[in-house]
Amino acid sequence: MFSTILIGVAILISPLTRDLAEAKVVVTSDIPCRPFHEIYPSGKELCEKMWDGSFVYETNRSRAYTMWFFDQDNPNDDVTRNLGLSAPSLCHLRYLHKDTPGPEPDTFAECHPWKENSCCTEDTVSSVQKIKESYGPEWHWDRCGPLTPACERFFVQEACFYECEPNAGLFRKYPDRHFNASDPSHNRWQMSGMPIWSDFCDAWHRACRNDQFCSHDDGNFFSCAATYTEEQATDGGTVVGIVFGCLVIVALIGVLGFLVFRERTGQPVFKPLEQQVS
């Protein structure tokens with residue numbers, strides 16, 4: 001009798017354990033990953049594709065912004081004037097940004113080029129880890145595995161540039177004069193068409209050439225981030241299924257224990273067929 005019960009429970013549990021094993025594959029699956037040089041043939045594609053058109057590869061140095069500098073004065077201010085624009089007095093990008101650019105304390109180190117005039121606060125960019133975590137796990141640049149230090153540094157520089165550079169707000173995709181709060185496609189944080197110095201883009205491409213990155217939608221970082229949300233929804237359903245499956249297993253074990261107890265005490269729930277007939 002006991003062996004019969006075990007066989008029955010094993011038959012019931014077998015499909016469930018198979019489903020759980022398959023579910024594990026879904027949970028651990030992530031984005032497609034390839035080396036940088038296979039996704040982006042050059043620095044031009046890297047700067048223009050990765051950020052969904054936020055930046056444009058520009059070879060004319062006098063008309064191109066840089067994402068990092070060591071000068072005491074911000075060279076990007078000259079670029080703004082060369083483009084016939086006025087230096088901004090407001091931080092036009094709206095996410096973690098300040099309302100107006102201004103100085104930060106002496107402890108402002110991670111994004112130090114912008115210490116004297118910044119649209120970011122020290123708390124926002126206090127460390128590489130803080131910068132990486134600011135927008136959620138879907139925006140982690142190392143979802144395909146750890147990057148080399150040289151490669152990761154360029155992602156940190158881009159993040160500092162986006163958070164801290166006042167001139168970046170001049171290229172907001174939906175400026176106030178066009179922004180429509182009732183249109184779900186509009187936002188106050190996205191950029192479009194900002195010219196970036198070609199040498200910077202090329203150096204970024206060289207530094208990351210053999211590192212792995214998300215290749216979804218030709219390496220569009222925005223699309224890669226969107227896939228994370230979809231996977232989380234799938235994983236959430238999978239987790240619910242796993243929890244339910246475990247509860248079923250626990251219930252079956254409980255029933256098995258009860259049946260064994262009754263049989264050992266001489267009061268089996270299921271009697272032999274000949275006894276039921278008599």
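Mentor: Bear in mind that this is a predicted model. Seven disulfides are present in the structure. Let us take three of them, then one further cysteine.

Start with C33 and C144. Their sulfur atoms lie 2.0 Å apart in a disulfide. The torsion about the S-S bond is -85°, and the link is left-handed. C33 has a relative accessibility of 31%, so it counts as partly exposed; buried would require under 20%, exposed over 50%.

Next, C47 and C201. Here the S to S distance is 2.1 Å. This disulfide is left-handed too, with -105° about the S-S bond. Again the pair links distant parts of the chain, 154 residues apart. Both ends are helical: C47 is in helix 3 (residues 43-50), and C201 is in helix 7 (residues 198-208). Both cysteines, C47 and C201, are buried.

Now C120 and C164. The two form a disulfide with sulfur atoms 2.0 Å apart. The torsion about their S-S bond is about 85°, so this one is right-handed. The partners are 44 residues apart and come from distant parts of the chain. C120 lies in the loop between helix 4 (76-82) and helix 5, while C164 is in helix 6. With a relative accessibility of 0%, C120 is buried. C164 is buried as well, its relative accessible area being 0%.

Finally, look at C119. This residue is in the loop between helix 4 and helix 5. Its relative accessible area is 2%, so C119 is buried: the cut-off is under 20%. What does C119 touch, leaving aside residues up to four places away in sequence? The contacts are C91, H97, K98, P101, E163, C164 and P166. Two of these deserve a second look. C164 is the disulfide partner of C120, and C164 also touches C119. H97 is 22 residues from C119 along the chain, yet their C-alpha atoms are separated by 5.6 Å.

To recap the handedness: the C33 and C144 link is left-handed, the C47 and C201 link is left-handed, and the C120 and C164 link is right-handed.

Terms used. Residues are numbered from 1 along each chain as its sequence is written. This is a predicted model: local features need pLDDT of at least 70, side-chain atom pairs count only at pLDDT 80 or more; totals for chains, interfaces and linings use all residues. Side-chain values use heavy atoms; hydrogens and water are left out. A disulfide is a pair of cysteine sulfur atoms within 2.5 Å. Buried means under 20% relative accessible area, exposed over 50%, partly exposed in between (1.4 Å probe, protein chains only). Helices (H or I, at least four residues) and strands (E, at least two) are DSSP runs, numbered from the N terminus. Contact means heavy atoms within 4.5 Å.
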